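Trainee: I would like to learn how to read helix packing, chain contacts and sheets. Could you take me through an example?

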Amino acid sequence: MVAEQGTPKRLHFDFVGAVLWLVRILAILAVVIGAFVSLTSGRLSAAAWLNFVVIGIGQGAIYALIALGYTMVYGVLGFINFAHGEVFMSGAMVGAFAANSLAQAGMWNSSPILSILIVLLIAMATSTLVALLLERVAYRRLRNAPRLIPLITSIGASFFIQYAFLGLFGAQTRTYPALSILDGFITVAGLNIRYADIMVIGAAVVMMVGLYTFVERTKAGRALRAVAEDKEIAALMGVNVNRTIVLTFAVGGAMAGAAALLFGVVFRTVFFFSGFLFGIKAFTAAVLGGIGNIVGAMLGGLTLGIFESVGPSLVLTGLGIPSAHQLKDVVAFLALVLVLIFKPTGLLGERLSEERA
Amino acid sequence: MAQTTKTPTAAPPGDLPPTRRNFVDLVKAAQWGLVGGATATFVSAVGMVPDFDGVMLVDPILTLGYLVLFLVPFGFGYVAARPPMTLQGQEPARVGPRNVLAGAVAGLVTGLVLIIPVLVAANFNLRSVFVNLSPAMVETLTFGQPVADSEGLVIPAVGLALLIAGCLVAGALGGAVNVVSTRWRQAILAGLLWVLTVGLLEDLVMQFFRGINLDALVGVFFAPGGGLKPLGTIIVFVLVFSLRLLFARRPPRIKARYQALDQAERRRWVIIGIAISAVIVYLIPVVLGGFMSEILDLVGIYLLMALGLNIVIGFAGLLDLGYVAFFAVGAYMTAVLTSSGSPALSPELTFWAALPFVVLAAAVSGLLVGTPVLRMRGDYLAIVTLGFGEIARILFLSDWLNPVFGGAQGITQIPSPSIGSLELNTPPQFFYPIIVLVFVAAYITWALANSRIGRAWNAIREDEPIAEALGVNIVTAKLSAFVVGAALASFAGALFASKVGAVFPNSFSIVVSIVVLVIIIVGGMGNIAGVAVGALVIVGLPQLLREFDEYRFLLYGALLIFMMLAKPEGILPSRRRVAELHQEEMGQDAWLTAEPEVELDQARATPATAKD
Amino acid sequence: MALLEIKQLRKTFGGLTAIEGLDLSVNQGEIVSIIGPNGAGKTTLFNLISGLFPVDEGEMLFGGQSLNGLFPNQVTELGLARTFQNVRLFPNMTVRENVMVAQHCRTKSGIFRSILRTRSFRQEEAEIKAKAEEVLGFFGTRLVGYRFDQPAFVLSYANRRRLEIARAMGTNPTMILLDEPTAGMNPRETVELTGLIGKLRDDHGITICMIEHDMQVVRGVSDRVICLDYGRKIAEGSYQEVATNDQVIEAYLGRKATDAAS
């Protein structure tokens, strides 16, 4: 029988709210207990912990650079460009070919700065090209489609590019030649920081500052923010929406290319699947910081890198879980879930475009 | 509205512009040709052309490699020569020799672009980078013709000339397709499609002939070395061509006639339908044999998952990218509960006895995954569920949970299910539980779609805040979707585990989630038949056509992109999905054909019959 | 006894105070109109009542039950329905289905019963369908017959507004909050709808609280009028009283210039 009005049960409020509170409490407990046990056990020295942090920052800087591409496209077009990880991978791969050619020509270690710059340009150009191709072929016609569609298209594009690279270049991993000037480390306050990490962090900071200035201070950046807010009104204000969107992809691609070079020079191995996990992590970082928020992407990247690096040893081993390093990715994803439970819009909230109710 | 087009003559000055001439731009055609050339280069460099050359389609002339190669200029020729769209009220553009010319131009340019990879591959060794620019590729592209050696530069002139000529002809043919009237065009294309399909799927067809005891037909159609005989080709083409021409009209409205029957008659037909289906289902593995049954088993398992994901995404609109986690839970639960080799617990239940626990575990995991994402936005939900999927795999793989799940070694010695004393351990036998569960899942899908909870899911998908304001309990609705989806996936997992006999964590990667997603997208979300077709195409075809296996994901990706651009509702969409995705167009049409508003004070008893 | 009671309601969005110190009550069987210039906080008030936003301060009681902190579907379950200013139907569901969804909170067939198609399920489905058609019949022949199976997006604007109201009726409410029900309608449609609002109360006993800008409608059907401005109540009473109230006129039209304009 169809019922008449009745008193509502507050059941489901209690259920969801209670579960979420339970999760929060468990998470805090786990982190605190694990960290406490780990730190007091003296298993690792303070320097060792800080070392983890530095490594995490280095890794996080790369995540941050890739995350910028995700966050910008999301802010302007409103969908997750799954294929951005492949944009990154393409730069890394082609960069590897370039670097190896330079090494064969003897330039790689004799003029390292020049070589790095050359490979950087090539990597950025490749990534930008791939990003622009993506926009032109796969995404342009879907500008006004419901959000699910370009998302799925991007998944398809991601697979396509991966396996295209597999077909074109083969399955073997490509290695960047070692760069001798990056060997060695400086010692700061008892902490050994590798030159490589310094370069990565430094380069990343420079690029991020550059991008932030671009978005906040230049005319093109203003156009970008306008298009992110409302495409139609921006067009009415005289903004060339098409060009702005292309610019968004280009800038995101260039950032990913830079990340690719840094990744290649530091981590050295690339193969066709490299982009996938990095892409997911980078997107996690973007969400962590607040999607659409450029500073958020940077913060999210660094945070994620540190969580990944420090988390397993700090929390998981402290809780008695063996082989915690295997669960590095678990930590990363759990961090995402927890941040989204604690703060649904990410660490810094959303910026480039607000969700309309 | 259009009058018969007259030959346009020069317009008298001051008058309207003449009726649209055959509007084909040759420069545009050349541009398309460039794109075509890039595509053809890509296809060759990726390795498809030389690889596929080994597959004979039509003996002795057409291999799959050449088909794929020449399909590019053919396709681009078609696109380049396409007449512009005719809007209502305009006269249709005339088609004629210029279209063929445009197609030929596109094909020519494609062929010219192909010179580059051929020359490069013939003269330089770039195989450390581009692994497929090999002599084999050159040989295929130049038809094995002898090469001329001029000043140290290898130029396969004759081969290149043939290649360019071939591309030109292919392009011209593609352009010519535009010239032919629709009926003939559809018939020709259908005939060609069937020839190619039969040639590609010759194993399936041969098996079918053998299965129905008509072995002689195999010899009629197929050459001993593989591929269709010329005679067979002609037979297939003529058959399909004629049938298509004759039955160009729409098929009879089965649904309407069904509605017209009364209750008792309907029930009779339903029973007859079920009986016939049962017989066919029983016969399928018998007719198709062991190899095909194996393929169908895999298709069935994926189909089960697809039906489950169809409910989560298609009905409730929750983009769950970590669906493989539920599949894994089902498989591992079955393994742990039934296997004698499972490390920790060894209750060693039978498959059927373990099933309720499997579903229970799936339901719990559905709740675990669903609860945190309840209030999350669609994109966040996607990435978080993706994360959960990966977490599941990593946990199953980890050393930490090794005592229970076996870590990287997995769990082996999983027994097959048995009915009474009969153990189901061959692929044909396994087909039956799979197909039964598929039907159950299909029924569940249909039952839930036409129910209170189905409407609630639709409402949530269309406009969640409004659904909530209307009294729908979002929490229970979303969680139900997750739980049902998880349950169906766990069925698939259980079947998978006992079929393979072992579970290893690397079988449960994100790729599985993506494949299932591709199935429902390409097949048609929300439509059971569409999902079935999707499963057959996405999972079945690569198994049948081993040559494609290497390029499987490349093709999936290209297919996804293509479908989203051209037909996002899928091959066999549900009407609702078509409506959702083409809302603006349909809204306009409906406005054109809608009945006029009826005045309240002049209300008639029944409004005029409407055409919707 | 007041059916809906609002006491000292306060809501701020960041720095903006949308509603301040608002007291309001609606009695059973009344039709109360809420008027006020744009931005006065009228729709915000409805959003607070129906649970879309949390309240900063104040109390809301419906039939003696507190509404504070309830989810929107719980509010609807209590018997308080609402419509929206920008018509938000489910565009791809049929007209009938839109109203059938409205009865979700009044029905209870779950997954198992739906799958097993038990007798109680089938009976309930038939009832849901019948009630939906009955509710749609409230609007005469406009939304019946062939309209039942049409997707909602083909409806004309006026019909969409009617369907919006039908949906609210489908939740079996004691009271409906109508947010600008006649916005965008031509004069004839407006008159028709005004009559229907009266019929809602007279024939179905549903209490109405509505936001309206069209003073003909307000005058035609309201028992009481409340005027808001900048989130505060500035006048309350019969239409005559409120329409001639100085503060109300000032809120809409501005202050008279002290020198007479030429």
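**Reading the packing**

Mentor: Helix H18 (residues 452-462) of chain B packs with helix H3 (residues 95-102) of chain C at an angle of about 105°, and their axes are 10 Å apart. That makes H18(B) roughly perpendicular to H3(C). Angles under 35 degrees count as roughly parallel, over 145 as roughly antiparallel, 65 to 115 as roughly perpendicular and the rest as oblique. This is a predicted model: local features need pLDDT of at least 70, side-chain atom pairs count only at pLDDT 80 or more, and totals for chains, interfaces and linings use all residues. Residues are numbered from 1 along each chain as its sequence is written, while chains are lettered from A and ligands numbered from 1 in the order in which they are written.

Trainee: What are the axes, and what is a helix here?

Mentor: Two packed helices are described by the angle between their axes and the distance between the axes. Axes are lines fitted to C-alpha atoms, for helices over the stretch in contact, and angles run from 0 to 180 degrees between N-to-C directions. Helices (H or I, at least four residues) and strands (E, at least two) are DSSP runs, numbered from the N terminus.

Trainee: Which residues make the contact of H18(B) and H3(C)?

Mentor: B:Arg455, B:Ala456 and B:Ala459 come from H18(B), and C:Glu97, C:Met100 and C:Val101 from H3(C). Two residues are in contact if their C-beta atoms, placed from the backbone, lie within 7 Å. The contact of H18(B) with H3(C) has 4 nonpolar, no polar and 2 charged residues. Ala, Val, Leu, Ile, Met, Phe, Trp, Tyr, Cys and Pro count as nonpolar, Asp, Glu, Lys and Arg as charged, and the others, Gly among them, as polar.

Trainee: How many residues of chain B are in contact with chain C?

Mentor: 37 residues of chain B meet 38 residues of chain C. H18(B) gives the largest share of chain B's side, 7 residues. By class, that side of chain B has 20 nonpolar, 8 polar and 9 charged residues.

Trainee: And which helix gives the largest share of the side of chain A that touches chain B?

Mentor: Start with the totals: 44 residues of chain A are in contact with 43 residues of chain B. H6(A) gives the largest share of chain A's side, 15 residues. That side of chain A divides into 33 nonpolar, 8 polar and 3 charged residues.

Trainee: What about two helices within one chain?

Mentor: Take helix H1 (residues 26-46) and helix H4 (residues 97-123) of chain B, which pack at an angle of about 40° with their axes 7 Å apart. That makes H1(B) oblique to H4(B). Their contact has 18 nonpolar, 7 polar and no charged residues.

Trainee: In what order do the strands of the sheet in chain C lie?

Mentor: The order is S6-S7-S8-S3-S9-S10, an open sheet of 6 strands with mixed pairing. Two strands pair if DSSP finds at least two bridges between them. Strand S6 (80-82) and strand S10 (232-237) of chain C stand at the edges, each with a single partner strand, so one side of each has no neighbour in the sheet. The twist averages 20° from one strand to the next.

Trainee: How many bridges join S6(C) to S7(C)?

Mentor: 3 bridges join S6(C) to strand S7 (residues 175-179) of chain C, and the two run parallel. C:Leu80 has C:Met175 in S7(C) as its bridge partner.
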